[in-house]
2 protein chains.
Amino acid sequence: MTYRAPVEDMDFALRELASLERVLGEGFPAFDMDLVQPILEEAGKFAADVLAPLNQPGDEQGAQLTGNGVIAPVGFADAYKVFAEGGWMGLAAPEKWGGQGLPKTLANAVLEIIHGANMSFGLCPLLSLGAIEALVEHGHPAEQEKYLPKLVSGEWTGTMNLTEPQAGSDVGALKTKAVPNGDGSYAISGQKIYITWGDHDMAENIIHLVLARLPDAPAGSKGISLFVVPKVLVNEDGSLGERNNVQCIGLEKKIGIHASPTCVMEYDGATGWLVGEENRGLACMFTMMNSARLNVGQEGVGVGEAAYQAAYAYAQERKQGQVKGVDGPAPILHHADVRRTLTTMRANVMAARAICYACGVAADIAKTSDGDAGEAAKLREDLLTPIAKAWSTDMGVEVASMGVQIHGGMGFMNETLAAQLYRDARIAPIYEGTNGIQAIDLVGRKLGMANGKAMADMLGDVRATAQAARETNDPQLVQIADRLVAAADALEEATGWMVETMKADRDKGLASATAYLKLAGDVIGGHFLTRGAVAARTEGGTMRGRMTALAGFFAETALAEAPGRVSGITRGGDSFLSESEALFGLA
Amino acid sequence: MTYRAPVEDMDFALRELASLERVLGEGFPAFDMDLVQPILEEAGKFAADVLAPLNQPGDEQGAQLTGNGVIAPVGFADAYKVFAEGGWMGLAAPEKWGGQGLPKTLANAVLEIIHGANMSFGLCPLLSLGAIEALVEHGHPAEQEKYLPKLVSGEWTGTMNLTEPQAGSDVGALKTKAVPNGDGSYAISGQKIYITWGDHDMAENIIHLVLARLPDAPAGSKGISLFVVPKVLVNEDGSLGERNNVQCIGLEKKIGIHASPTCVMEYDGATGWLVGEENRGLACMFTMMNSARLNVGQEGVGVGEAAYQAAYAYAQERKQGQVKGVDGPAPILHHADVRRTLTTMRANVMAARAICYACGVAADIAKTSDGDAGEAAKLREDLLTPIAKAWSTDMGVEVASMGVQIHGGMGFMNETLAAQLYRDARIAPIYEGTNGIQAIDLVGRKLGMANGKAMADMLGDVRATAQAARETNDPQLVQIADRLVAAADALEEATGWMVETMKADRDKGLASATAYLKLAGDVIGGHFLTRGAVAARTEGGTMRGRMTALAGFFAETALAEAPGRVSGITRGGDSFLSESEALFGLA
């Protein structure tokens with residue numbers, strides 16, 4: 001009943017939904033499509049054999065703060081060693097720093113597997129990835145030489161330090177200070193909260209990336225700089241030196257991800273070095289954030305898949321009630337209501353997976369291609385990132401809740417995996433920019449880019465998919481195509497309204513940002529499922545029936561609802577904006 | 001930041017949405033409308049002063065199983081004494097047994113307050129209510145005399161014992177045995193699980209109502225009888241005698257409601273007495289269940305309200321980001337996205353509240369009126385019960401999740417009330433018949449009653465509300481009326497399809513039962529909010545603006561989506577029923 005990597009679905013999604021073959025070429029000389037399945041299978045084996053068995057014990061035991069720092073639950077340090085030695089950390093890192101130079105999309109698919117098996121564990125490499133990316137993009141050569149090989153090998157891990165008690169979504173409000181020491185280094189002082197894997201005993205060093213203010217820096221987000229602050233100082237020869245003045249002074253008690261230490265970090269004149277330019281820390285941070293946002297979306301997919309698998313297994317095993325054609329009590333899978341819930345879960349997981357992979361493919365192309373193709377891919381990456389993050393993580397919570405429901409009373413018991421997933425999944429819509437922030441990013445920045453080209457291109461793809469479905473002349477696919485076209489029309493109308501309204505009355509636009517993002521995710525997700533149903537017509541085994549059913553179900557539910565959701569966007573804000581005094585006491 | 005009873009909203013909902021004055025008359029001689037507000041206020045005072053302060057400590061400490069039975073968290077026993085001495089247990093119980101003979105609707109509103117302040121605590125009286133109801137309706141006079149006065153006074157508490165490991169939703173699979181002792185009593189033996197407040201130290205006796213099988217009883221649900229089994233045997237003079245052979249042998253570790261002991265109960269030849277007739281236990285149990293289902297719906301309302309209040313308070317207090325017109329960081333309430341979430345929460349809570357109160361009013365009238373009025377009310381009660389239970393508890397979970405989101409990172413911390421509510425709320429869709437069972441009850445039994453009269457009458461009310469809104473000639477209300485009519489059309493179409501399909505292809509109907517219930521709840525909830533907006537035109541204070549905004553928002557979101565949800569009902573099942581082999585390996 002524990003997680004197994006859904007290699008067939010993932011491989012299909014990478015190939016047929018996200019068109020991974022588009023990344024082939026100069027950018028990834030080490031990659032060819034034949035690598036996909038073996039890598040997913042190997043990751044699946046590691047996840048099933050090593051990570052999944054630690055998931056529930058890790059939840060029960062939790063990370064612990066001792067006089068000697070934070071201790072991960074039993075078995076995690078050994079599992080991390082297997083992870084690092086397997087080379088999993090460096091899949092998509094540059095070969096220059098010891099990585100394998102593979103597409104990020106593939107690395108993200110592996111991360112999905114790791115999160116599906118053990119989300120708490122997966123957060124450690126997720127944060128390391130962000131640190132690697134920031135140093136690769138913005139690090140000074142000396143810092144790159146010093147930290148990247150060990151981060152990429154997984155010998156050391158990384159963290160992101162943004163949040164302070166008064167500075168959450170408004171990161172510009174942070175107060176941590178960085179004072180030049182006169183030797184090129186800085187003394188970093190302040191308190192950071194919610195630092196994931198901020199301390200632990202799984203690696204001999206932890207490389208913190210920390211946002212702080214230089215003396216006399218401008219106020220707000222324009223006065224923030226990024227620093228690299230190792231837990232243990234690194235000597236010139238690469239050996240470990242003195243312990244730096246940074247420590248974990250508290251662990252949060254949380255709804256879920258108990259095995260992942262969420263640390264309060266105290267920087268007390270810790271020695272750090274500037275990453276990128278002075279006062280340009282936010283731009284550097286966004287490199288990490290964008291990547292991390294997609295990774296968190298992928299985490300939503302992994303947790304959703306795990307919830308689906310647990311619910312499906314339970315539905316096969318648990319017997320209640322009589323069903324025609326079954327002797328004695330029937331597995332609850334035979335009850336149509338249970339199958340509907342499972343179908344809802346699976347369709348949504350597959351849609352989110354496709355959105356995340358497509359975002360990854362766009363990111364890979366944007367990074368390695370020039371000219372129009374590169375620019376278009378960058379627009380696509382920018383457009384899909386907030387959707388991948390928010391839509392997939394909301395989906396993860398909803399699907400995890402459905403998983404609890406299928407388990408009945410057992411689902412509410414903490415010993416049940418479904419219960420843990422319900423608790424674990426809930427963080428993902430919150431961190432790396434709340435889903436509200438993602439929605440604001442989508443309507444406030446992404447829709448306006450290049451005169452609206454990002455969403456226009458996306459809608460073009462959606463319509464092309466509908467056309468391809470229609471041209472099959474398969475009545476089921478034609479019906480799906482009709483739903484998809486109507487949904488695309490709805491999204492187009494909502495988009496036009498949103499672009500205009502954000503110019504004319506920003507608050508009114510923002511009042512519908514979340515509803516808009518949800519609609520966009522539904523339509524884009526439906527587009528990918530439709531594409532899958534078309535592609536699966538030539539697939540063997542059960543893939544054709546499965547994709548037709550998932551796309552058909554999604555078309556008759558989420559896509560069919562799309563036109564009715566436009567008014568919630570264009571008119572939904574009217575009532576509470578005009579009655580904010582009666583509702584909330586706001587003048 | 002703790003719960004305060006929303007007396008103004010509740011009073012308005014009782015009067016204007018649920019038409020509580022319709023219960024006035026012979027059935028409730030002790031009741032008049034002037035009692036409503038003082039009782040709600042007094043309950044609110046008890047909840048705020050006594051129950052709410054125990055909610056988070058109770059969650060942290062949890063109930064504990066000792067060698068001496070189960071111990072409630074610190075303070076709960078004293079709070080329970082205040083509750084009993086306040087006469088809260090007997091509000092709606094017959095005066096004959098020491099109750100106050102008030103309408104159940106009012107008692108349910110009080111229960112909503114108690115659950116809002118402390119759901120774990122509220123479960124104890126919720127179960128006692130079921131026991132009282134079963135004994136009042138089905139108990140033999142000797143048992144009534146023996147148990148009812150002490151249950152009604154709250155000196156003793158009650159439980160319901162249905163579930164066994166192999167018998168959950170399929171209660172007919174239960175195995176607990178009842179063997180006649182020859183003296184009119186029975187020896188009850190077996191194990192029951194998930195018994196809420198099955199043991200505790202808050203009252204000197206606990207009256208268990210237990211489903212069991214007599215020797216040679218027919219198989220399945222037709223061979224089940226109901227027994228009353230006191231924890232401590234009661235002597236003829238009413239004094240307490242020997243300890244009965246029933247004990248709690250284990251407590252479940254759960255996602256939430258930690259202060260409420262969920263017991264594994266071992267009956268080892270415990271002495272019990274038959275309630276009602278032999279092999280008619282299921283019918284007696286349904287008396288308790290129906291009442292409990294509405295009460296659980298009301299619990300969803302209470303938890304949803306608590307989540308709303310906590311989120312609203314946090315949004316006023318937490319400052320992040322700059323907003324035009326506010327100096328320095330602005331309370332996040334100023335962000336439009338936050339206000340939309342709060343509006344969604346509040347509109348849904350109010351809609352669920354109205355559905356539950358209307359169900360209560362119908363139950364009160366059904367119980368006290370003869371003839372057509374009584375019959376129509378009974379149909380309404382039967383129709384609304386599964387909707388009140390399922391729609392309100394799903395709402396409770398969703399709204400609690402929104403509450404977490406508004407809290408950002410703090411929402412994921414167990415010390416935050418929002419986090420507790422997210423965990424507590426999750427049980428309500430599961431127990432007292434899962435929400436899937438409610439949906440099956442709705443489409444399988446309730447729609448077919450009296451040739452479909454129950455839903456036809458309901459739709460008539462919905463259309464009358466739309467007409468009343470239209471006749472105001474207020475453009476906002478006319479727009480709401482249009483949405484409501486379109487939504488009613490959608491529900492009518494879905495209802496027609498469902499009734500036909502349940503006859504022709506039951507599995508296909510059941511495949512859409514949950515989607516149908518959700519649609520019905522949305523339309524009926526929207527009808528009540530619309531009624532509220534019409535009624536509030538003559539209200540003072542902020543009620544008019546508030547109700548117009550809530551109804552308007554709900555109309556442009558949930559009601560506007562209703563027509564697009566019909567295909568999810570009429571066609572949603574096609575795909576996965578026909579592809580169950582490809583999806584689930586089912587032939």
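**Ground rules.** I number residues from 1 along each chain as its sequence is written, and letter chains from A in the order in which they are written. The model is predicted, so local features need pLDDT of at least 70, side-chain atom pairs count only at pLDDT 80 or more, and totals for chains, interfaces and linings use all residues; side-chain values use heavy atoms, without hydrogens and water.

**Annotated spans.** I looked up the UniProt domains of chain A, from an unreviewed entry. UniProt positions follow the numbering used here, feature names are shortened, and annotations may be inferred rather than shown by experiment. For secondary structure I took DSSP runs, numbered from the N terminus: helices are H or I of at least four residues, strands E of at least two.

- UniProt lists "Acyl-CoA dehydrogenase/oxidase N-terminal" at residues 39-155. I find 68% helix and 5% strand there, with the end C-alpha atoms 21 Å apart.
- UniProt puts "Acyl-CoA oxidase/dehydrogenase middle" at residues 160-268. This span has 0% helix and 46% strand, and its end C-alpha atoms lie 17 Å apart.
- UniProt gives "Acetyl-CoA dehydrogenase-like C-terminal" for residues 459-577. Here I read 88% helix and 0% strand, with 30 Å between the end C-alpha atoms.

**Interface.** I counted contacts as heavy atoms within 4.5 Å. On that basis 87 residues of chain A touch 87 residues of chain B. Of the interface residues of chain A, 100% are also interface residues in chain B, so the copies meet through the same surface.

Next I checked buried area (accessible area, 1.4 Å probe, lost when two parts are put together, summed over both). Chains A and B bury about 7300 Å², 57% of it on carbon and sulfur atoms. A:Arg340, A:Phe412 and A:Phe584 supply 11% of the area that chain A buries against chain B, more than any other three residues.

**Salt bridges.** My rule was a side-chain nitrogen of Lys or Arg within 4 Å of a carboxyl oxygen of Asp or Glu. It finds four across the interface. I noted B:Arg339 with A:Asp507, closest N and O atoms 3.7 Å apart. Helix 16 (residues 543-570) of chain A gives the most to the side touching chain B, with 14 residues.
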